[in-house]
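Me: I have a structure to go through today. Can you walk me through it in short steps?

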Amino acid sequence: MSSKSERGPIGEKKTIAQVAALAHVSVSTVSLAFREHGPISDRMRSHVLQVAGDIGYTGPDPIAHSLKSGSMGIVGVAIAEQVVHAFDNPITTETMNGLSAVLDEEGYSILLLQGGASVDQRTIRRLSSVPLDALIFMSRGEPFVELLRLARTHHIPMVGVEGPYADDVSVVEISDRQGMGELADRVRGMGHRHVGVLMRTTRLGYSGPPGPLLPIDTGLEDIGNVTIRGRLEAVAERFPDAVRVEAAARDVNAGEAAARVLLSSDQDVTVVMAQNDLLAVGALRAADALGLRVPEDLSVTGFDGLPLSWMTRSLTTMRQPLEERGRSAGKLASQLIADPQNIRRVKFDTVFVPGDTLAAPRLD
């Protein structure tokens, strides 16, 4: 047992070397004892931790370790919308589940940053003052021009989920365009010719009404979000006469409001193809409010394959591996931290999920 004389003067900073000497083990063994995992027996770990506790040593200094290893153990995660609202979206939640699991396994903490096309001063200060090991964009295609510039200035390895696309960014992407094309082919195969699309908003933070009814190919080249644009292009290739309405947000209420505009403006539409599942649920509500039966009078499709256990019916949609894409982003970040030149792209396919909201159009 340690004596008081072995503990050193009161207020003296205890060191890992002192613990090693008192425990009669090597410094590396003490270091292993303070790790959650490692090649050390439970008995030895208990012995080392007991000695450390006796002299008031609480573990290796994380700052000193970071200076020695060149790593702070922190990965920034940039959210396109306000952080306070980001996790209202189940797509973000499912993706973050996978991402956080991998980063936790690798020993990294997460620092949330608010990004988007413009960056507030708080985010700039955080990125400038905290030495991040990597930066992950949870963008879904949103532009992060300022954050990209700042990350490059600080030489931070970058990973994007569905963008941003650049030579110095590893990207996890989904076969969005191919998936929406497959869904549009199935819609066409059912005999539909009059198609309306509920478009995901490009106006983050906007709180006004939905956009007007437009031809589907209007201004596609001006849509910077590659996910939104790709899904529109896939439908336009198969249905050149389709129309679209941009929802004011990406949730159920926004979908219902946009669907009301769509269905009241073009009564020939026999199918609403929503760019995500929540907008599709909103379209189902709008159809019910307007006295339209689904799928007898109107078909509705979604995209993403969210686990909507609270729904009383099954939505026809395309499922993407949300949690797995998050895990992939975490793995890419870990690989970039080890080797900043190891820039890669990983692509996941979508899978058609049949439901009870798509049927052949009614014959008048």
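Me: How many bridges join strand 3 to strand 4?
Reply: Three bridges join them, and the two strands run parallel. Helices (H or I, at least four residues) and strands (E, at least two) are DSSP runs, numbered from the N terminus. Two strands pair if DSSP finds at least two bridges between them. This is a predicted model: local features need pLDDT of at least 70, side-chain atom pairs count only at pLDDT 80 or more, and totals for chains, interfaces and linings use all residues. Residues are numbered from 1 along each chain as its sequence is written, and side-chain values use heavy atoms, with hydrogens and water left out.

Me: Which residue is the bridge partner of Leu135 in strand 4?
Reply: Met158.

Me: And what joins strand 4 to strand 5?
Reply: Four bridges, again with parallel strands. Val161 stands opposite Val172 in strand 5.

Me: Are the faces of strand 4 covered or open?
Reply: Both are covered. Met158 and Gly160 lie on one side, Val159 and Val161 on the other, and all are buried. Buried means under 20% relative accessible area, exposed over 50%, partly exposed in between (1.4 Å probe, protein chains only). In a regular strand the side chains alternate between the two faces of the sheet.

Me: What is the strand order in the whole sheet?
Reply: The order is 2-1-3-4-5-12, in an open sheet of six strands with parallel pairing. Strand 2 (109-114) and strand 12 (345-348) are the edge strands, as each pairs on one side only.

Me: Which helix packs on the sheet?
Reply: Helix 13 (residues 322-338) does. It touches strands 1, 3, 4, 5 and 12. Contact means heavy atoms within 4.5 Å.

Me: New topic. Which residues of helix 8 are buried?
Reply: Leu147, Leu148, Leu150 and Ala151. They cover an arc of only 165° around the axis, so they sit on the same side of helix 8. That arc is taken from the directions from the helix axis to the C-beta atoms.

Me: What comes just after helix 8?
Reply: His155, with a positive phi of about 55°.

Me: Which residues touch the most other members of the largest nonpolar core?
Reply: Leu198, Leu262, Val269, Val272, Leu298 and Val300, out of 30 residues. A nonpolar core is a set of buried Ala, Val, Leu, Ile, Met, Phe, Trp, Tyr and Cys residues joined through side-chain atoms within 4.5 Å.

Me: Which element gives the most to this core?
Reply: Helix 12, with eight residues.

Terms used
Axes are lines fitted to C-alpha atoms, for helices over the stretch in contact, and angles run from 0 to 180 degrees between N-to-C directions.
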